[in-house]
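Take a look at the two chains below. We will start where they meet, then turn to one chain on its own.

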Amino acid sequence: MIPELGHFGLALAVSLAAAQAVLPLLGAHRGDARLMATAPALALGQLIALATSFGCLVWSGVTDDFSVSNVARYSSSLEPLFYKITGTWGNHEGSILLWCLILALCGGVVAAFGRDLPSALRARVIGVLGFTSSGFLLFALTVSNPFTRVWPPPIQGESINPLLQDPGLAMHPPILYAGYVGFAIPFAFAVAALLEGRVDAAWGRWVRPWTLAAWCLLTCGIALGSWWSYYVLGWGGYWFWDPVENASLLPWLTGTALLHSAIVVEKREALKIWTVLLAIGTFSLSLSGTFLVRSGLLNSVHTFASDPTRGVFILALLAIVIGGSLLLFALRAPVLSPAGLFAPVSREGAIVLNNILLCSITAVVLTGTMYPPMAELLFGAKLSVGPPYFHDTVLPLAAPLFAAMTLGPILPWKRADLGAALLKLWWAALVAALVGIAVGFGVRQAFAALGFTAATWIILGAAAQLVERVRLFRLPWRASRERLGGQPLAVWGGAVAHAGLGVTIAGIAGMALASTSVVAVAPGQTVVLGGYEWTLLGLHDAPGPDYASRQADLRVTRDGRQIALMHPARHNFTTQQQTISDAAIVTNGMRDLYAVLGDERDGQVVLRLYVNLMAPWIWLGALVMAVGGALSLADRRLRVGAPSRRRAPRAIVPAE
Amino acid sequence: MSRLLGVIAVLLALTGGAHAVSDPAEMLANPVLEHRAEAVGGQLRCLVCQNESVEGSNADLAKDLRRIIRQRIAAGDSDRQVIAWMVARYGDFIRLSPPFDAMTLLLWGAPMIAVAIGVGVVMLARRRRFVPLAPLTEAERERLDALLDL
Amino acid sequence: MDALTRRRLLMLGPLAIAAGAGGAGAALLLRMHEGRYDPHALPSMLVGKKLPAFSLPGQPPSPGFSAADVTAQGRPGVVNFFASWCVPCVEEAPTLAALKSAGVALWGIAYKDKPDATTRFLDRFGDPYVRVARDEQGTVGIDFGLYGVPESYLVDASGIVRWRWAGGLSADIVRDDLLPKIRALA
């Protein structure tokens with residue numbers, strides 16, 4: 001019964017989405033207020049139908065309903081309840097349903113919080129969201145249906161991939177998808193603006209909060225994925241330039257460019273075409289990412305079971321959505337009136353540079369990811385592109401970006417004096433240079449030295465923004481402090497977000513200095529690594545709910561004082577015949593102690609030990625970036641979107 | 001302070017990288033050669049894994065390849081020769097960093113091409129504002145002078 | 001060309017790029033469907049080149065063989081890498097037996113396998129080979145550019161590799177690819 005209800009909810013959502021696509025757009029075209037007013041109701045209706053459908057799928061998993069083929073293939077009654085719930089999105093069909101749910105949520109959120117938008121714009125935005133939704137829902141209903149049944153139902157499910165049985169799994173996909181799909185809203189705004197034929201400062205202000213929200217979520221999603229692979233895959237790596245990781249990075253890069261571009265549209269009514277194109281491009285990259293992952297075209301760690309028929313459907317969907325919006329762009333964008341002029345050296349100019357560099361990095365990552373299949377298609381050559389390529393090409397582009405991003409917020413609008421601005425940052429440059437020299441001479445590693453220099457420059461530069469605004473040392477203390485308190489949240493948000501990037505860069509630089517050791521030890525033996533003594537106390541069995549496990553007890557001491565007791569383990573999952581390593585990680589915020597258990601042989605066991613310097617900062621930095629974004633989002637000026645209705649001036653009656 | 005220097009000294013000796021070398025018996029005795037072997041292994045793709053390096057993978061084939069890398073380095077091959085040896089048997093696919101030849105021109109040129117296109121588009125977009133006017137004709141010039149009362 | 005037309009052309013750029021990418025994606029999907037594109041497959045570097053030099057010990061009771069032995073009789077042969085722990089090898093055993101009856105010379109190399117396990121495998125699934133050698137370390141396999149088992153290499157009479165198949169040989173592949181090539185070489 002419940003799966004049928006879910007199936008019905010899905011079908012209902014398709015029809016509501018179709019209505020949501022057609023009616024409001026028609027209404028906006030004709031100026032029919034009644035049709036336009038159907039938009040919020042339809043969006044909310046679709047959301048409710050789809051939420052019910054999703055709930056039914058989760059319920060089927062929780063109650064071990066193995067007549068649902070999705071549950072039979074990817075779940076098992078031996079799993080803990082948590083993984084029965086979160087495993088719903090650990091496979092292709094379930095994750096597509098989650099995708100659709102979040103897309104519907106976007107429509108619902110615009111319906112609920114977009115009340116102060118002009119009705120035509122809101123109708124168009126919801127209409128475009130409905131159009132995209134109906135495409136994906138149709139895909140889910142026809143080719144990728146999670147509610148198909150298997151009869152007779154098997155006694156036991158095949159269970160989830162053991163690698164995915166992890167709390168990180170619960171959080172990574174929903175947040176990541178919320179980010180990916182969240183960019184549908186700026187996309188819808190861009191298409192709506194093109195349909196209306198008008199992009200103005202008000203549009204810039206309205207689009208920003210949605211872009212910020214999606215960006216924050218995507219930042220968290222990517223960071224969670226990276227952190228998850230760090231502690232699950234067992235060798236301390238956190239980013240592999242794997243095609244699916246790149247697919248999530250691409251929209252993040254253009255999304256960051258979009259965020260900054262939208263500021264210029266709002267403040268100066270310039271860069272309209274860039275901004276609209278970036279909004280369309282970011283969501284297009286999200287969609288293309290979906291295509292690449294699910295079609296099996298690429299060689300990747302993450303691919304779901306691939307199926308070319310799905311690939312064809314998604315490609316067709318992409319052709320309609322992306323092709324359609326870019327065609328609209330080609331037709332309508334040239335007549336968007338440019339307004340604000342600005343000199344090359346100005347805040348607008350800095351944001352243009354920012355756009356160029358971010359888009360160049362995007363182009364490079366895209367080229368690298370797509371080159372193997374393209375080379376095979378065009379030249380018949382079989383090559384592969386891996387991390388060394390990306391390091392060699394992205395870093396030279398990122399370096400000027402890091403250098404310039406401190407300068408941008410300090411430059412005034414319209415026209416600026418570069419020399420004067422640089423002078424304001426003299427102290428940040430000095431400290432950064434000193435840090436770089438100190439690290440360089442200390443560890444003799446150029447990468448780490450440059451990394452720490454960049455990080456210091458960016459963090460201090462972010463502080464410099466605030467220093468400038470409060471005119472520190474140029475005004476009396478109290479005046480400065482008052483100014484600081486009076487700064488709008490958006491300024492704090494920007495500074496914090498920039499600083500967050502600096503923190504992440506420091507983490508990456510620190511990881512380059514990590515020390516590692518692979519040893520075969522017997523219980524009782526000690527290894528010295530990174531200034532710590534690691535002693536293997538013993539090995540024992542430790543079974544879990546659906547796995548057998550072998551666990552080691554490792555004591556870490558420093559100068560005789562116990563720092564940690566670690567328990568790296570190896571789990572053997574009987575159903576899938578897979579052995580997974582469970583690394584033990586102990587962190588103190590500045591460094592991670594990381595231990596992995598290897599094979600046992602002749603009374604000895606292989607241990608891989610790492611001291612990862614500053615590893616936590618990588619993900620901490622991402623969190624700080626997201627906090628910065630949230631602070632900006634909390635700024636009232638952003639949320640009070642529409643211009644207040646000015647009352648008609650009272651007729652002046654001349655004094656008689 | 002001395003402890004910090006001590007830590008740094010240890011760090012100098014063991015710089016990190018991705019390894020899944022699962023058996024310390026695999027490693028070469030000479031740390032310099034071992035370091036080179038790890039660097040070479042990090043540049044080669046594990047062919048039976050999804051997107052891992054030979055150095056970082058647990059697969060059997062990767063173990064064999066790691067062993068061969070160490071044998072050849074110990075026998076005196078340069079890094080380039082070891083990689084060429086691998087490419088002769090498995091093709092360019094085994095390299096994680098593609099070779100620099102006519103086919104990969106677009107790939108390696110991507111950063112410069114992208115920036116050039118970006119800057120080009122921006123300059124093109126700005127230029128349209130400053131469309132040079134046609135020079136004045138004689139009659140127009142006389143009218144202008146008259147208006148300016150020169 | 002006036003400024004507006006130039007702008008319009010510029011704005012068509014993104015659409016053109018997307019269309020190109022989409023076309024490429026469609027072409028790749030089509031090829032994948034036809035089996036002509038596999039992101040995980042690796043073409044062999046040996047095709048068109050001489051067999052790498054090797055000399056391997058025999059799997060008792062067979063004597064071992066070297067690269068020269070394969071072509072000593074002046075006719076084409078198929079070098080087949082297999083192992084007892086490999087499932088597709090079990091599946092291809094009947095195909096190999098059929099090849100033997102068709103008169104094709106099969107030279108087997110047991111890849112990274114224990115001698116008694118290989119003996120059991122051959123006893124159970126049949127021994128279609130002219131000779132069986134053992135590559136316990138896997139070094140010869142790497143010289144061949146092997147990346148999994150089973151793999152089969154068609155060698156012509158002069159010792160040049162003409163064709164390689166990674167994976168288990170099925171009746172279809174033998175009929176459509178291998179046998180025609182062998183006939184062409186005769």
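This is a predicted model. Begin at the boundary. The rule finds seven residue pairs in polar contact across the interface of chain A and chain B, with both residues at pLDDT 80 or more. Salt bridges between chain A and chain B number zero.

Which parts of chain A touch chain B? Helix 13 (347-379), helix 14 (387-405), helix 16 (426-443), strand 1 (515-521) and strand 10 (604-613) each supply at least two residues of that side. Helix 13 of chain A gives the most, with nine residues. Sort the side of chain A that touches chain B by class, and you get 35 nonpolar, 14 polar and eight charged residues.

Now for the size of the interface. Size is often given as the accessible area lost when the parts come together. Chain A and chain B bury about 4300 Å² between them. Carbon and sulfur atoms carry 64% of that area. On the chain A side, Trp235(A), Ser384(A) and Val518(A) lose the most area to chain B. Together they make up 13% of what that side buries. Counted by residues, the contact takes 57 from chain A and 43 from chain B.

Next, chain A by itself. Chain A has 21 helices and 10 strands. Its radius of gyration is 27 Å, close to the 26 Å that the globule rule gives for 656 residues, so chain A is as compact as a globular protein of that length. The C-alpha trace of chain A spans about 110 × 70 × 55 Å along its principal axes.

Finally, look inside. Of the 656 residues of chain A, 58% count as buried. Among contacts in chain A with a separation of 6 or more, 72% join residues 24 or more positions apart.

Key:
Residues numbered from 1 in each chain as written. Chains lettered and ligands numbered in written order. Predicted model: local features only at pLDDT ≥ 70, side-chain atom pairs only at ≥ 80, totals over all residues. Heavy atoms only, no water. Contact = heavy atoms within 4.5 Å. Buried area = accessible area lost by both parts, 1.4 Å probe. Salt bridge = Lys/Arg side-chain N within 4 Å of Asp/Glu carboxyl O. Polar contact = N/O pair within 3.5 Å; in protein donor to acceptor, adjacent residues only side chain to side chain. Helix = DSSP H or I, 4+ residues; strand = E, 2+ residues; numbered from the N terminus. Nonpolar A, V, L, I, M, F, W, Y, C, P; charged D, E, K, R; others polar. Rg over C-alpha atoms; globule rule 2.2 N^0.38 Å. Buried < 20%, exposed > 50% of the residue type's maximum accessible area, 1.4 Å probe, protein only.
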